[in-house]
Amino acid sequence: MAELPNVIITYRNILGVEVKMDRYGPFYLQSYEGFGSPENEVSSQKIFGKTGQRKTSSSLSYRDLTIGLAIKGDDYADLKEKEHQIMNILVPDLAGTIYIRINDNLYSIDAEPIKGYEANEASSSSNASTSKLQFRSLDPEWRDENVRNKSIILSSTDNKMKFPLSITTDYAFATIVPGQIIKISNKGDFAVGFELKMKCTSQVVNPKILNVLTQEFFGWNGTFAAGTSLFLSTIHGEKKTWYQGENDTSTTNAMSIRQSGSTFFSLDNIEVNNLVVQADTGTEHLIATLSYTPLLIGV
C-alpha cells in the first residue's frame, strides 16, 4: 500500500455523517485522483472560407474524483461491519463534501457519490479489502478552508485616547472613519462573490458599497434608522439581500429597494479590489464587515 504521509481525506454527507481516510486506519487512504486541474471545454465554430475555427465559448468541466480506499478489520465480521459503515455514508442520493488536508492546509469541494464501496479483494478468510470510491463535482473549484469566510472590516475607527488626555463634555473615545478605501487582494484562482454585513449606528440614507476602480456597486434606496442591519451576498448560487430593523423579528427582502445600476459584483483575483462604503448622508454611522472564501483550481 502506497504511503501518503500528511494527507487526510474526509467525506461528509449532508446529514453530517463522515468517514476519515488516512494512513492510520481502519480506513486507509491508498490513492486519490482528479484533485488537480479540471479540463477546459472549448466550443468553436468553423468559418466558411477561412482556416481554423472561431471560439464561441469555454468553461471548466465538472470534476470526477477517485479515492482508493483499503479497510482492515479485526476479523471478517468486523471487516464487513466497517464496509457497511462506508456504504451507509456514501448513499447515492445524498450529496456531501470532500475535505483534503495536506500538511497544515485544508481544502473542500462539494461532490456527489457516483460509486460507493465495492470490495474487490475480500474473501471469507480475509480481514481486509480495497475499493475505488468515485465522486463527481459539478462545480470544480476548491474552497480554501484556511481562509474560508475571511472577514475584513470596511469601516475603521479613529482612536481618540491619546496622552496627554483631557476629557471634556461630549468627548469621544473613538470615532468611525467614514469613506475610507479598503484594499482587498483575492489570492485565489477565480473571481469570487462575498458577503457584506452593515450596521447603522444612527440614521443613514441610501447606503452602498462601491468598487472604486471598476465603479461596480450595490446600493439600497431608503432611510435606515439606528440599529438597522443590511446584508448582501454576491456568492454564486446564493445571491440575495435583506434588511432588518433593530426591533424587527424577521428580515425583509431588499431587492425591491436596490439602487438602479446595482450589480452582484465579485472580488477580482487578478487586480486589487478597492472597496468603499458610502451613503448620501450618514456614512460615518455605518459599520461594515465583508467576508469571502478564495477558490482554487486544484490541490
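**Figure 1. Surroundings of threonine 293.** Once its neighbours within four places in sequence are left aside, threonine 293 is in contact with Arg143, Asp144, Val147, Arg148, Asn149 and Val192. This residue of the predicted model lies in the loop between E23 and strand E24 (295-296). Threonine 293 has a relative accessible area of 13%, and because buried means under 20%, threonine 293 is counted as buried.

**Figure 2. Overview of the protein chain.** The chain contains one helix and 24 strands, and buried residues account for 37% of its 299 residues. Of the contacts between residues at least 6 apart in sequence, 66% join residues that are at least 24 apart. The accessible surface of the chain comes to about 16800 Å², and carbon and sulfur atoms hold 48% of that area. The average pLDDT of the chain is 84, with 86% of the residues scoring at least 70. Over residues 171-176, however, the pLDDT is below 50, although this stretch has 24 contacts in the model beyond near neighbours in sequence.

**Figure 3. The largest nonpolar core and a second, separate one.** The largest nonpolar core has 28 residues, and those with the most contacts inside it are Leu154, Ile184, Phe194, Leu196, Ile209, Trp220 and Leu290. At least two residues of this core are supplied by each of strand E14 (182-184), strand E15 (195-200), strand E16 (204-211), strand E19 (229-233), strand E22 (273-281) and strand E23 (286-292). Strand E23 gives the most to this core, with four residues.

Figure 4. Six strands form an open sheet in the order E11-E23-E15-E19-E20-E21, and their pairing is antiparallel. The edges of the sheet are strand E11 (150-153) and strand E21 (252-253), each of which pairs on one side only. Within the sheet, E15 and E23 run antiparallel and are joined by six bridges; in this pairing, lysine 197 has threonine 289 in E23 as its bridge partner. In a regular strand the side chains alternate between the two faces of the sheet.

**Figure 5. Strand E1 and its partners on either pairing.** Strand E1 (residues 7-13) is mostly covered, with five of its seven residues buried. Seven bridges join E1 to strand E7 (residues 96-102), and the two strands run antiparallel; here threonine 10 stands opposite tyrosine 99 in E7. E1 also pairs in the antiparallel sense with strand E2 (residues 18-21), over four bridges, and in E2 the bridge partner of arginine 12 is glutamate 18. The strands E1 and E2 form a hairpin with four residues between them, and glycine 16 in the turn has a positive phi of about 90°.

**Figure 6. Aromatic pairs, with the rings of tyrosine 11 and phenylalanine 135.** A search of the whole structure finds eight aromatic pairs. In the pair of tyrosine 11 and phenylalanine 135, the ring centres are 5.1 Å apart and the planes stand at 40°, so the pair is tilted. The pair links distant parts of the chain, with tyrosine 11 in strand E1 and phenylalanine 135 in strand E9 (residues 128-137), 124 residues apart. Both tyrosine 11 and phenylalanine 135 are buried. Elsewhere in the model, ring pairs link Tyr32, Phe35 and Trp142 into a cluster.

Figure 7. Most residues other than glycine have a negative phi, and most peptide bonds are trans. The peptide bond from glycine 25 to proline 26 is cis, with omega near 5°, and proline 26 is placed in the loop between E2 and strand E3 (27-33). Asparagine 206, although not a glycine, has a positive phi of about 50°; asparagine 206 is placed in strand E16 and, at 18% relative accessibility, counts as buried. Glutamine 215, also a residue other than glycine, has a positive phi near 65°, and glutamine 215 is found in the loop between E16 and strand E17 (217-219).

Methods:
Residues numbered from 1 in each chain as written. Predicted model: local features only at pLDDT ≥ 70, side-chain atom pairs only at ≥ 80, totals over all residues. Heavy atoms only, no water. Core = buried A, V, L, I, M, F, W, Y, C linked by side-chain atoms within 4.5 Å. Buried < 20%, exposed > 50% of the residue type's maximum accessible area, 1.4 Å probe, protein only. Pairing = 2+ DSSP bridges. pLDDT = per-residue confidence, 0-100. Contact = heavy atoms within 4.5 Å. Areas by Shrake-Rupley, 256 points an atom, 1.4 Å probe, with all protein chains shown as cover. Phe/Tyr/Trp six-rings, centres within 6.5 Å; stacked < 30°, edge-to-face > 60°.
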